[in-house]
Amino acid sequence: MAFVSFLSWRLDRYSIRSSENIFTAMLDDRSDSLAEITLEYGYWNDAVDNLVDSLDLTWVRETFVDYMQDELNIEGIHLFDGKNQPRIHVIEGKIADADLHTRYGPSLSVLVADARNTAKNEAPVPATGLVGTLEKLYLASAVLLTSYKEDSDTSTDHVLVFARPVNAPILTEVAEKYHLPGLMLSSLPPAFWQAGFDIETVDRRHLGFFVWSPELAGFRILPLLVIGVLVVYIGMFFSARTFFRRATETVHALAAAKHQAEKVKDLLASQVRSDPLTGLGNRRLLDENLALLQDVKPLADGHALLYVDLDRFKDINDTYGHETGDLVLLYVAEALSGLVNVDDTVVRLGGDEFVIVFGRARRERVLSTGRAIVEQLSRPVNLDGATYTFGASVGIAFSENPSDLLRKADVALYSAKRRGRAQVAVYSADLLDFRNVPMQSAAQPS
């Protein structure tokens, strides 16, 4: 009986430790995911333009309110200026005042201070952790707003904070997905048969515990083991068989939960490299692809990059609204994707700017693709029952050094715009002599 009790206890301890490891991995994944999302919006020229240089409430509503609340489950968005004074709050999908001390306690100030530790004019490093109280607990991430150019970063003195609630509905969802029965917040430590995780805020305050009741293999098979001992050989035979079957089921369940956690992590990694509107790659994916090209031997013409900027897109937004503008961007994304090969990468750089990084393409195909883009996007487009006309200008660059491609394509794009738009220009050194020449006026949309 002593052996049976010891074996049951050991199995129960193993079940609890495995369950706690799964919870730790899940919490780390969610922290990393929120940090990636915070970095995506904090390390962004548009965010600096519309939150620091000027406070554009229309842009705030379009960028943060619906998508952040409904799709990313971010309940609180806060902006602090260089004096740590709150500049704007978005709470539960609404721009409103907020008592941050009541909502988050002193932990938020520590998180903001950690975000400010980013080295000046370097890529920002998000600070992430738990804030609030046991009654109102949040997973929050803060980042120093930073803009970027081709070869440099510029830090601001503003800090952007995203906060996700850790409440009963969220815990219920996590409990079902990761097999953590009864997951809840508690001021008391877990009981002997429960698993737990300490809740500690970013300022090292201990608030309580995450507590749940995992399935205990030892407890489930203990009666069978006792019967096996009492009926000696026959009972031992059946009890041993049941023991191994239950143990195998437990191991399989834990393995399945770990596999699910890895799939979620892979999905989140994919999301932070995608543009949320068009589904194309974003600036992060572009930088990674250009870095990978450093190890690829180019063709005779060098590596190739094509830079697309829509003509008269602002007129469509101003005249017909941003919903129509989004339809145009979706149409352009689909059109560009249909003009490339499987080893090419299409990226939305931001606003109405798109980039194509060619895998291995000869000069003729790159130029042909540029002309096809200008031709296709210059045609009138029927979207949602109405016809719109805009157009596009294209800059193309070839280089053996991938890090020069975006800069050179930008110079070529500027030249195409200056020549009257709806043009294709290829980078050459003499284009640099015309950078300061004003652009020609574009025709009004039809």
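In this predicted model, Y331, V332, A335 and L336 of helix α11 meet I373, Q376 and L377 of helix α12. By class, this contact comprises 6 nonpolar residues, 1 polar residue and no charged ones.

**Helices α11 and α12**

- Two packed helices are described by the angle between their axes and the distance between the axes.
- For α11 (residues 322–337) and α12 (residues 363–377), the axes come within 11 Å and cross at roughly 145 degrees.
- The crossing of α11 past α12 is right-handed.

**Nonpolar cores**

- In soluble globular proteins, nonpolar side chains tend to be buried together.
- The largest nonpolar core of this model has 48 residues, and the members that touch the most others are L51, F64, M68, L160, F162, L183 and F210.
- Helix α1 (residues 2–42) gives the most to this core, contributing 9 residues.

**Contacts of F210**

- Which residues does F210 touch, when those up to four places away in sequence are not counted?
- Its partners are F23, L130, L137, V166, L171, L183, M184, L185, A195, G196, F197 and I199.
- Of these partners, L183 is listed with F210 among the core residues that touch the most other members.

**The sheet of β7, β9 and β8**

- Strands of a sheet pair through backbone hydrogen bonds, either parallel or antiparallel.
- Here, 3 strands form an open sheet in the order β7-β9-β8, and their pairing is antiparallel.
- The antiparallel pairing of β8 with β9 (residues 206–212) runs over 6 bridges.
- D198 has F209 in β9 as its bridge partner.

**T146 in strand β5**

- T146 lies in strand β5, which spans residues 137–148.
- Is T146 buried or exposed? T146 is buried, because its relative accessible area is 0%, and buried means under 20%.
- Apart from neighbours within four places in sequence, T146 is in contact with G42, Y43, W44, V48, E122, P124, D153, T154 and S155.

How values were computed:
Residues numbered from 1 in each chain as written. Predicted model: local features only at pLDDT ≥ 70, side-chain atom pairs only at ≥ 80, totals over all residues. Heavy atoms only, no water. Core = buried A, V, L, I, M, F, W, Y, C linked by side-chain atoms within 4.5 Å. Buried < 20%, exposed > 50% of the residue type's maximum accessible area, 1.4 Å probe, protein only. Helix = DSSP H or I, 4+ residues; strand = E, 2+ residues; numbered from the N terminus. Contact = heavy atoms within 4.5 Å. Axes fitted to C-alpha atoms, helices over the stretch in contact; angles between N-to-C directions. Left-handed = near helix turned anticlockwise from the far one by under 90°. Nonpolar A, V, L, I, M, F, W, Y, C, P; charged D, E, K, R; others polar. Pairing = 2+ DSSP bridges.
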